[in-house]
Structure formats: structure tokens, C-alpha cells
Amino acid sequence: MVSPHGIKLAVHLISTYFGDLVSKVCECLLRKGTLSLAQVIRYTELGKQKVSDALLVLIQHNCAQSFTIQQPGGFGEAPKIVTQYMALHDNIIHHMRFPKFLAIVSDEFGQECMEIFEGLLQHGRLSLNQILDRHKDKHRAIVTSGENSTAANVVHENFNKLAQARYIERCHAHEPFLAPEEGDTPAKKRTARSKMGDVPQTLEARALAAAAPMESIRFLVEADTWSNATLDDDSKKNHTTEIVGEKRKQDCLEPIPNKEILWRVNFEEFVRLLRHKCCVSHVTTRMDNVVGIVLSAIFDASRREETKVKMENTVPLPMNTIFEEAMKSEEGRSLTLERVRASLVQLGCELPTLGIDETYSVDLKKIIDQAQAQEVESIVLKKYGREAYRIFRLLSESERLYETDKISSTTFVEKKDALKILFQLWKDDFLHMERLGNEAQKSDILLWKLNKRSLWEQILDDMYHAALNLKLRLVHELEQAKVILRVLKGKTLGDEVLQKRKRVGDKWKVLESSLMILDDAIMLFHDF
Amino acid sequence: MVSLGPAKPTFYCVINKNKNANLTHGLNPSQRGTHGRPQPLALRHEALPACSGESRESPPHRSLLHLQPFRPPPLQSTCSKFIIVQVLCLSSCKFIRMSILNKRKKPEPKPGGGGLVESDRVVLNVIKSKKEMAIWTRDLKKETNLPDPIINKCLKNLQALGLIKEVAHVQMKGRKHYIAAEFEPSKEITGGSWYVDGNLDTAFIDQLKDLCLKIIRKLKVATADGVYDFFKTNRLTNTDCTSQQISEILRSMVLDNMIIDVTSTGLGEYHSIPIGKLCYRCPPAGDLSQGPITGAMVSIPCGVCPRIRQCTPDGLISPSTCVYYTKWLDF
Ligand code: SF4
């Protein structure tokens, strides 16, 4: 379930990128869950055409997924096949991170790969031909016709690189059919399961699983796609440029006649990469550089083997592999086997009792947990002070009930002050409180507990809220800047004018970079 | 307890030069440790040598009570001729005995006087029954069923006689608590070893923390016992502190993120510490001065904003009208 401000932020993002109409439909899906076209029309009170256009835009940009299910017909009627639409909240929020993803690709593969990648980010999904056309359009001025095929080769090569690095993937299937599960209607099943809490697989998860391409072809760039692209180049030109241009949602409306394979950005890989980065930077600051190098080497060596993003432990690797990988990096070249081993121990690995078959796996969940706790602790420190910080850290050590006296004596905070702090934290939903009647002292004994799960959810919601506020302030500053610049327009570029401009730029920079840092924290709490 | 009967009217009274030192919980400076900490009880009794061969556990003034079946006149009253007064001179530790040979008159219990009237006895008994837990005046009133003025007089009287003392309750500082003189207030009342007069001894705690940090920096890795031994062998403070206290200090320093706790691996720096033993070390260099690493939320106004719950895009409090932002972006 997405938190209230998570939805608000997503709606704001959609509204800035695709307009109010699309955002209205998106909000409806986010708030009400999976719906059919008719239901969306009913809830949004928009016309059919507008709703289906909005849905297509959302699908095109990977912000929604459609699928079909079989619903029992009315009395005496045959069962109906109904198309359902679900919003993909994570993917919507990923839109905020595009600059980060672009920077990663540009750092690793350079400008040309970045251009291809940028196209995919802008248009949501493209076929190889469309990418090629886009490239041609962009470089029409500099590339002569004779160089066309070499340029196409380069694009193809870069495209291959991106697919091999798993930064791009084949699009999910459009409207996969979900066979009904025995006995229950899907809607009923969903609610019953979510109430039970064990949630084996929701309808949405089943739909996503059904839509996902098979792992074996997910990153496969077929040779014939490419040859088609070069051969039919001219014949396709008009058609594709049109799609890439304004009517890019067209390809979702109707099945593509020539069954071109559509590609999109593989967000999962970027989340994984950023998760690795976060772990490495956390251990580097908490322990030391070498530990960071070793963990980074482990990630590099096991990049292909990771099966999902939220891996709790790294793939077990033999000592030699880790050591060799560590030696590849500039900083790791001088490391000794002993030093690497000591770092692994620092990372919480246990040394095998027998020297043979020395494999290690690092507990990543622990690192992520620590990083999350650190973020929350810093909030407590700044908001409530050092004594509260100490108390909070005590309570977060083990999620059990603590008596006020015990808290006060362990943290060296005067009992009265401790009580004040605890009440404040409780009032702001940081803590849970229980009263125990005490006849002897004629007063209640107060017990305090930290409920990490609910607090972490609340912190995440606050983060979404803060990100939304940053975005809104950015819009506000932009409007202010427009006014200022309009006033300054006629004036000559004096010192004052330049200074004002600089100040506007500085404000943007601060807001933008703060948003990116905050987004790291959002990912830490939500995606890692 | 043996009663000597009215035939031998003798009254002993300890006169302490420093009244406060004996009668209340308050300690004179000479009785406090280097950091204003109270000396252990035994030490305090040493200042009061047994004036009539009494053992340390039962100071003279306390035994006297039991020897007195009659109500002697108040110490400060003019009828001192009836009394044999034993004066304790603290500086010379000599006793001056004065005896007045006049025949004893049956004393009149004078309300408000220093003798024990019935009400005094009732009050004293209730206070005694609470032992080291002490009693709040309001509860005393409830249990004795005596009116306020009487209770107040009794308390004054008993206090003047050194039979009870007032103690500061660590949690209820505004409420007067009394305890019988022979008891020391319990941990619940004093707050434990870190409290002095009901207040947390922060100066002492900070000093200990500081020292512990220096020791850990020096030793790189140390167990609680290691730090304690260092304290002892190097005589770093002239105040007594127990290994338990050092452990408590280290624990709070971990909570403060000044040091981190790790379990010994037995390797490298940990070679001298048994594997699996809890030890303490400093976090990687640089972190100490900065304190805990700053997070993403605290670097923006909304992250620590007290108004975040009321803040909405179009509300009275909104990001576009936000003063915190205006201040933050004012450069
Ligand atoms: S925008 Fe201002 S008022 Fe609103 S939450 Fe952020 S700091 Fe607080």
C-alpha cells in the first residue's frame, strides 16, 4: 500500500510531466487500486476517449500496466474478458531519478550511449528502429549519407552495450491474460489475502509476473531486428519518426503490425546499482575505506548472479574471487589477503574453521538496516536534542518495552526530563506507550517501545511529503524567477542584475541537489 | 529495649556544631567527595564517634530515644538544669558532661516542644514503618489522621531531635519526603549512585565520559574491565568509581555514538581480548568531532519541521509561503 504522500508526490510528478488529465486518471488508479476502463471513467467523470488516451500515455511511459482477466457474466451470460489497469507507483517515482540514471550511463559508457538511453527515458519505450531514426534525426546535420551505415553500426553497438549491462530491457507484454484461479473471483481473493497478511501473490503481482518477458530473452538483442532495421530503413523512416515525434503513444493503441520489439529502461538494474553504492558508502564511513573496497569488489564479482534487488545476503563467493576483484581497482591493488579477510570479518562474515573452501557472503540487510536507523536517528537528534537521541538509540536497540526509570538510568537523563522527552516522542508518533497500574506507588508505570515498522513507514511518508514540498518550492521559485527576469529584461547587464540571476540559479541548485539527496533516502527506505 | 524508669532521669543529647550535617540529607562540604558526591554512609558515621560506647550502627542520639520513657524539656528551653548534657565537640572529639543535681520534676508535655508527645510518636512510627522508602507529607497526613499544623509541628520536632530527616525524592522534587534517621533513602528515592541531592551529577558523569573516551582512544580497543583497570592503575580520578559505573558510562557513550561496541574477533587489534567478548572502540576518525552523520532529512527544512503535519500545497502553511524555506534559501 502506497503511503498518502507517496501518492501525492506521484500525482504531482505525473501532472508536471504529462498534464492534469493524465494525472487525474493516475491518481484515480493509485487511490482506488486496479480498475477497468469503465470504472476509471465512472470515478474520474471524464470522457471515454480522454481516459483511454491518458491510460495509453501512462502505459507508454511504464507508469501503468494493463492485463485481462475473466469475469463471470451476468445471469445466463458467458464469462467476460475484462481489461484492467494498474498504476505502477515505483516506476512513477523513478521519473524523479532520471538525472541519476543518466549520470550512471554517461559515466560508464559515454555520450553516445547516453543519447540512446535518454531517448528511452523520454519516450518510455522505443524499438531499435525508432532509436536509429532518432539518432539520424539528431545528427542529420553532421552525418552524410555515406556515413549512415557506420553511424547505424555504432548505434547498434551501443544499444548492445546497454542491453548487456542490463540497463535496458524488452518491454513487458501488453495486456497479458490472467487465467482465473480456482473458486474465487480475483477481486475477492485480493482483499481476503491482504487481510490475512501472508499475501502469497496479489493480482497485481501475478499480472506483472505474467507481463514480464522471459529471463532468457529479457536482454536479448536479436540479430534479425537489426538487419530488418538496416534493410527497411528508408521504408520505415516516415512512420517511425512520426511515432517518435508527437504521437508516441500510438504504438500502444494498436498491436504493432510488424511486431517490432520494444525496449525500455530497466529500472531494476539502476535500483540494484544504487543499493550497492549505498551499502559501500555506508560501510566506508562506518568502518573504513578497505571494507568499502572489499564490498564493492563482492558486488562487482556477483553482479550477474543477483536474482532480485532486495537481496538479503550477497551471493557466496570464494576468497580468491573476492581478492582478485579487489585487486582490479586502483585503491585495492596494494591489499593483502589478510587485510581482505579482516575486512570481511568487519563486514560480519565468519571465518571458516577449515581453511579449504573459503567462501563468504555479506549480510546486506544488516547494512541497510543500520543506514536506515542512522537516518532516523539524525532526525531525532536535530529535532529533539542529544538526550532524546540517546534515548531513541536505546529503544531502537531492541524493540521491547522499557520502563521510564530504566531509560533514565541507562541514558543518564534526569527522570523528569526523560519523561518529557518520551512524551514528546510519543506525541509525534515516534514511540508507543503502555501504562501499567501500580498500587504501591499510586501512580501508573509508563512503558515505552519503539515500533520500527510503523515508524519507518511514517518516516518514508514524511520523506515523500518533503520531496513534494521541495518540488513545489522549486515551482514557486521558478515563478518568482520569471517575474524577476521579466523586470530585469530591459535593463543592461549590470552587477545587480547578474547577482540576482546568480542568486536564482543558486537557489535552484540547492533545491535540486537537496531533492537528489532526499531521493537517496527515499530509495533507502523504499527500494533497498 | 530496657527501660530505666523514671527514677534515673538522664537525657543525652548530641549537639553537633553543624546541625545540618546530621539532621537532614544535606551534607556539609567536608562530607562530600571531590565531585560533590556524598561519601559512603560509614564515612559519615565516623564523624560522630559513639559518645557512650554505642556501636556505629546505632548512633547515640538514636539509642537515647529508647532510653527515654519521659518527656524531657526542649533542648533550647531554660530548664537545662534538669539535664545532663553530653556535648560532642567535633574538632576535639571530647565530650563535656554536665550534670545538674536538682531533683527531677515531672515534665509537662509541651506541644511544640522538643519532647515526644503522643502525636510525635505516631508520626515517627509511621515514618519508621516506611523504612528506606520514606514518606510524603500528604501520605503521612492520610495515615496518621492528624491535622496539618500538628503534623508540621511533629516533623519539626522530630527533625530537631535528629530522629527523622528530610530527603529529596528524585522524581518528585516538589514533594517533601521524610525518612527515619536510621535509614538511608532507597535507590528509587535518591535515583541511585549517579544522583546527588536528587539531581543527576552531570559534571561527574561528563568527566568520567571524557576520561573513558581518552582511555579508549589510547588503548584503541578495550573492554569495560580494561577501561576500569586503566582507571585504577593510573589513578585518574580521586573519586571512587566502581567497575559497574564504568560499564554504565561506556554503555551511555555507545548510545551517544561517541564510541562503538564490537565483539572481539581475537584478530589484529583484538588479539589480547578473548573472542566474542564485548569491547569498545572509537568510530573511524573524523566522526567523533562531527557527531552522528547528518542525514538527508535534516539537511532540508521539512525534515525537522514541527509543522509538517499541517503543511499542504494550498493550505495556510504551504511550501510556497513557508518561512523556513525563505530563511533557508536566503543567501
Ligand atoms: S514546507 Fe515549510 S512548513 Fe511545510 S513542512 Fe516544509 S518546512 Fe514545514
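**View 1. The interface of chain B and chain A.** In this predicted model, chain B and chain A bury about 4,400 Å² between them. Carbon and sulfur atoms carry 60% of that area. Buried area is the accessible area, taken with a 1.4 Å probe, that two parts lose on being put together, summed over both. The contact takes 47 residues from chain B and 47 residues from chain A; contact means heavy atoms within 4.5 Å.

View 2. A salt bridge puts a side-chain nitrogen of Lys or Arg within 4 Å of a carboxyl oxygen of Asp or Glu. Arg390(A) pairs with Asp256(B) in a salt bridge, with the closest N and O atoms 3.0 Å apart. Between chain B and chain A there are also 17 residue pairs in polar contact (both at pLDDT 80 or more). A polar contact is a pair of N or O atoms within 3.5 Å; within protein, one must be able to donate a hydrogen and the other to accept it, and residues adjacent in sequence count only if both atoms are side-chain atoms.

**View 3. The side of chain B that touches chain A.** Strand S7 (199-200), helix H8 (202-219), helix H10 (243-255) and helix H12 (323-328) of chain B each supply at least two residues of this side. Helices (H or I, at least four residues) and strands (E, at least two) are DSSP runs, numbered from the N terminus. H10(B) gives the largest share, six residues. By class, the side has 28 nonpolar, twelve polar and seven charged residues. Ala, Val, Leu, Ile, Met, Phe, Trp, Tyr, Cys and Pro count as nonpolar, Asp, Glu, Lys and Arg as charged, and the others, Gly among them, as polar.

**View 4. The ligand between chains A and B.** The ligand lies between chains A and B. Chain A brings Asn469(A) to its surroundings. Residues from chain B include Cys302(B), Cys305(B), Cys311(B) and Cys322(B), as well as Tyr324(B) and Tyr325(B). Each surrounding residue has a heavy atom within 4 Å of the ligand. The shell divides into ten nonpolar residues, one polar and no charged.

**View 5. Domain 2 against domain 3 in chain B.** An automatic or database assignment sets the domain bounds. Domain 2 of chain B spans 118-199 and domain 3 spans 201-290. Their C-alpha centres lie 39 Å apart. Five residues of domain 2 are in contact with seven of domain 3. About 460 Å² is buried between these two domains. Ser193(B), Trp194(B) and Val196(B) supply 94% of the area that domain 2 buries against domain 3. Zero salt bridges are found across this interface.

**View 6. A salt bridge within chain A.** Over all chains, the count comes to 31 salt bridges. Arg339(A) and Asp288(A) form a salt bridge (3.5 Å, N to O). Arg339(A) lies in helix H18 and Asp288(A) in the loop between helix H15 and helix H16 of chain A, so the pair ties together parts 51 residues apart in sequence.

**Notes.** Residues are numbered from 1 along each chain as its sequence is written, and chains are lettered from A and ligands numbered from 1 in the order in which they are written. Local features need pLDDT of at least 70, side-chain atom pairs count only at pLDDT 80 or more, totals for chains, interfaces and linings use all residues, and side-chain values use heavy atoms, with hydrogens and water left out.
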